[in-house]
Amino acid sequence: MDSQTTIPATSGAFAEGMHLPKTVQVANVNHYFGEGELRKQALFSNNLDVRRGEIVIMTGPSGSGKTTLLTLIGTLRTVQEGSLKVLGNELQGADRDLIVRLRRELGFIFQAHNLFESLTAYQNVNMAAELVGLDPQIAEGRIKSLLTRLGLGDRVHYKPKSLSGGQKQRVAIARGLVHKPKLILADEPTAALDEKSGREVVTLFQELARDEGCTIIMVTHDNRILDVADRIVNMVDGNIKSDVAVQETSVICEFLKGFPLFADLTPNTLSEVADKMMVHEADAGDVVIRQGDPGELFYLIRGGSVDVLIDDGTEEKTVAQLNQGQYFGETALITDEPRNATIVAREKSIFYALGKADFRVVLETSATFEEELRQALFGRQ
Ligand SMILES: Nc1ncnc2c1ncn2[C@@H]1O[C@H](COP(=O)(O)OP(=O)(O)O)[C@@H](O)[C@H]1O
Ligand SMILES: [Mg+2]
């Protein structure tokens, strides 16, 4: 019961992000298609804030409104109801000049890559550079480095008909990035790519976010790349359903990363585990675990502190205090014996709790930790 770890508080990067300016602010946005009797509402009171440098992944079933919202943010549709600010500019009622100016700051990567068949990969990307008036010399360096970075270094002068679907998609990605957009809007950018190329694309996105402060909103069904997201937004029936919950997941992920137990997990597994974690609250004096009870949950202390009490048959003694960033409850889950101590909250505390079966899955993945735990548990007998 007393094996403990001290971990840093939730990562600084995450906390710092809270102070960054918002690149996109969507407030109560509705959208309708069609006229009169055929008018159909596609978006229902959507709210979303995206901060500078954030990578947001948007998922959800087909027809749930992802592309509609993305094209509204990208100024490709007129905002009908609600407020939508991009880089601080209100799009509702925006004039033509503002839209033209804003589009220079945006990078679009859409599914239908519609490259010009008569132009080479280089020329296709260069079109986008010329459109925003990029200095030709700067453009040249940037185009070559992007195409190389995307694995097309030897295809720079090929025309689309000599490129595979995945290669054309990567040319379209280079075209969307060439002018150093502040905001990238990507609709299924990796759908046509194999796993390796898909990974290269999202790694590039991460570098742009980190090095250039680029903000990225990406629609994807590709769950191989969910790990790059700072946040995952789920759309259902024209409405963003879970944003807050997933923010909690990413907070939990940040928290878990500090524990040796979770260190061997891939980012995907880590976020699956984080999803399964339950948030428990306790007030001062609440018993979280009672000695002698069967063990069902493993606990991490997110905030607050607890006392560890052991009853040796004659009296109950406080043997330890555990604080934020420490854990308890693992022994009974490993040994299948009843709880060997009582845990009482010292103050109002928050815990992340993981069920026995899920805890064991994590334990199996984490060879080093299991070894460490078993030694701690049995080695001292
Ligand atoms: N141009 C359009 N005209 C009429 N209805 C549309 C149009 N575009 C999208 N819709 C409708 O709006 C809803 C959301 O579509 P969309 O944003 O494309 O969803 P997703 O990208 O999530 O698949 C769907 O019901 C779709 O049929
Ligand atoms: Mg779509």
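Predicted model: local features only at pLDDT ≥ 70, side-chain atom pairs only at ≥ 80, totals over all residues.
The protein chain has 381 residues, of which 36% are buried. Its secondary structure consists of 13 helices and 18 strands.

A place to start is the loop between helices H4 and H5, where aspartate 135 is found. Aspartate 135 has 10 C-beta neighbours inside 10 Å, and therefore counts as exposed, since a residue with 12 or fewer such neighbours is classed that way. Along the chain, aspartate 135 and histidine 179 are 44 residues apart, while 10.0 Å separates their C-alpha atoms.

Which residues of H5 are buried? They are Arg142, Ile143, Leu146 and Leu147. These residues cover an arc of only 125° around the axis, so they lie on the same side of H5. The face turned away from that buried side carries Gln137, Gly141 and Ser145, which are exposed. The buried residues of H5 are covered by elements including helix H4 (121-131) and helix H6 (165-177). Just after H5 comes glycine 151, whose phi is positive, at about 80°.

Further along the chain is a sheet. Strands of a sheet pair through backbone hydrogen bonds, and the pairing can be parallel or antiparallel. In this model, four strands make an open sheet with antiparallel pairing, in the order E11-E18-E13-E16. Strand E11 (278-282) and strand E16 (327-328) are at the edges; each has a single partner strand, so one side of each has no neighbour in the sheet.

How many bridges join E11 to E18? There are five, and the two strands run antiparallel, with E18 covering residues 349-355. In one of the pairings, alanine 282 has serine 349 of E18 as its bridge partner. Helix H12, made of residues 356-365, packs on the sheet and touches both E18 and strand E13 (297-303). The direction of H12 makes about 75° with that of E18.

Notes
Residues numbered from 1 in each chain as written. Chains lettered and ligands numbered in written order. Pairing = 2+ DSSP bridges. Contact = placed C-beta atoms within 7 Å. Axes fitted to C-alpha atoms, helices over the stretch in contact; angles between N-to-C directions. Buried ≥ 20, exposed ≤ 12 C-beta atoms within 10 Å, placed from the backbone. Arc of directions from axis to C-beta.
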